[in-house]
Amino acid sequence: MEDQIVIGARFNGPPTSANGGYVSGLAAAFVDGPARVLLRTPPPLETPLDVTRDGDTVRVTHDGVLVVEAGPSSAVFLDPPVRPTFGEASAARDRHPWIGADNLLTGCFVCGHGRADGLRVTPGRLADADVCASPFEPDETVAGDGIVRPEIVWAALDCVSYPPFAQGTDTIALLGTFEAEIARSVAAGERLVAVGWPLESSGRKLFSASALLDGDEVVARARATWITLPG
């Protein structure tokens, strides 16, 4: 079976390609249940991409080049080590390390601090843990019939899991693999907390986890593999 998707320019990560969590959510829509998504090459914006499904495997291609591959996830998703309040998440966002900076990711739709049309899930470290947090307050522009689109939920789980933010480094890394499960739908206007924390590292690979919280309720969870760029 074949479909097409087009990623709007609004949903960038780096300036000329899509946010990894967002495109992962688009691909995951073709998978039943929790999904595992591998990003093979930077997903282009405003470009028709072909979606092919072969059994449980979903492939997104551009001119025959594999952009994203997705399928069911067998990951063990983790609960967050801490559950900050909305106020604590807001204070952490004010400590975002790239406020006023200009680099490859500061204009990201998800975490870009100055993006008036972005999600402003702009993570900063909590005061007493190597855990990042940010408010997540989706509005009607990312919803349909009052329900936030699933790819937006995936996007909100993305940048908060960026390990260098929790580790206090200036390393630049790009999302390589993303797995997520969504426990319930999110309504536009909800006030949720996004949290992310590092797990381990191996060479250029950094592993992390993230969650969206409504008080003590875990609304969604994810695991990520990040690939650091050569220095």
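R40 has a relative accessibility of 47% and therefore counts as partly exposed, where buried means under 20% relative accessible area, exposed over 50%, and partly exposed in between (1.4 Å probe, protein chains only). The model is predicted, so that local features need pLDDT of at least 70 and side-chain atom pairs count only at pLDDT 80 or more, while totals for chains, interfaces and linings use all residues. Residues are numbered from 1 along each chain as its sequence is written, and side-chain values use heavy atoms, with hydrogens and water left out.

R40 pairs with E69 in a salt bridge, with 3.3 Å between the closest N and O atoms; a salt bridge is defined as a side-chain nitrogen of Lys or Arg within 4 Å of a carboxyl oxygen of Asp or Glu. The two residues are 29 residues apart and belong to distant parts of the chain, E69 in strand β5 (residues 65-72) and R40 in the loop between β2 (35-39) and β3. Helices (H or I, at least four residues) and strands (E, at least two) are DSSP runs, numbered from the N terminus. E69 is buried, at a relative accessible area of 18%.

In total, 13 salt bridges are present in the structure. One of them joins the side chains of D3 and R53, at 2.6 Å from N to O. This pair also links distant parts of the chain, since D3 is in strand β1 (residues 2-6) and R53 in strand β3 (residues 48-54), 50 residues apart. D3 is partly exposed at 30% relative accessibility, and R53 is partly exposed with a relative accessible area of 26%.

A further salt bridge is formed by R221 and E181, whose closest N and O atoms are 2.5 Å apart. R221 lies in strand β13 (residues 217-228) and E181 in strand β10 (residues 173-182), so parts 40 residues apart in sequence are tied together by the pair. R221 is buried, with a relative accessible area of 17%, whereas E181 is partly exposed at 23%. R184, E190, D214 and E217 form a network of salt bridges.

The largest nonpolar core holds 58 residues, of which I7, L119, I152 and L212 touch the most other members. Such a core is a set of buried Ala, Val, Leu, Ile, Met, Phe, Trp, Tyr and Cys residues joined through side-chain atoms within 4.5 Å. Helix α3 (residues 150-158) supplies the largest share of this core, six residues. Beyond its neighbours within four places in sequence, L212 has contacts that include F136, V153, L157, V193 and E217, contact meaning heavy atoms within 4.5 Å. A second, separate core has 13 residues, among them A89, V131, A133 and A211.
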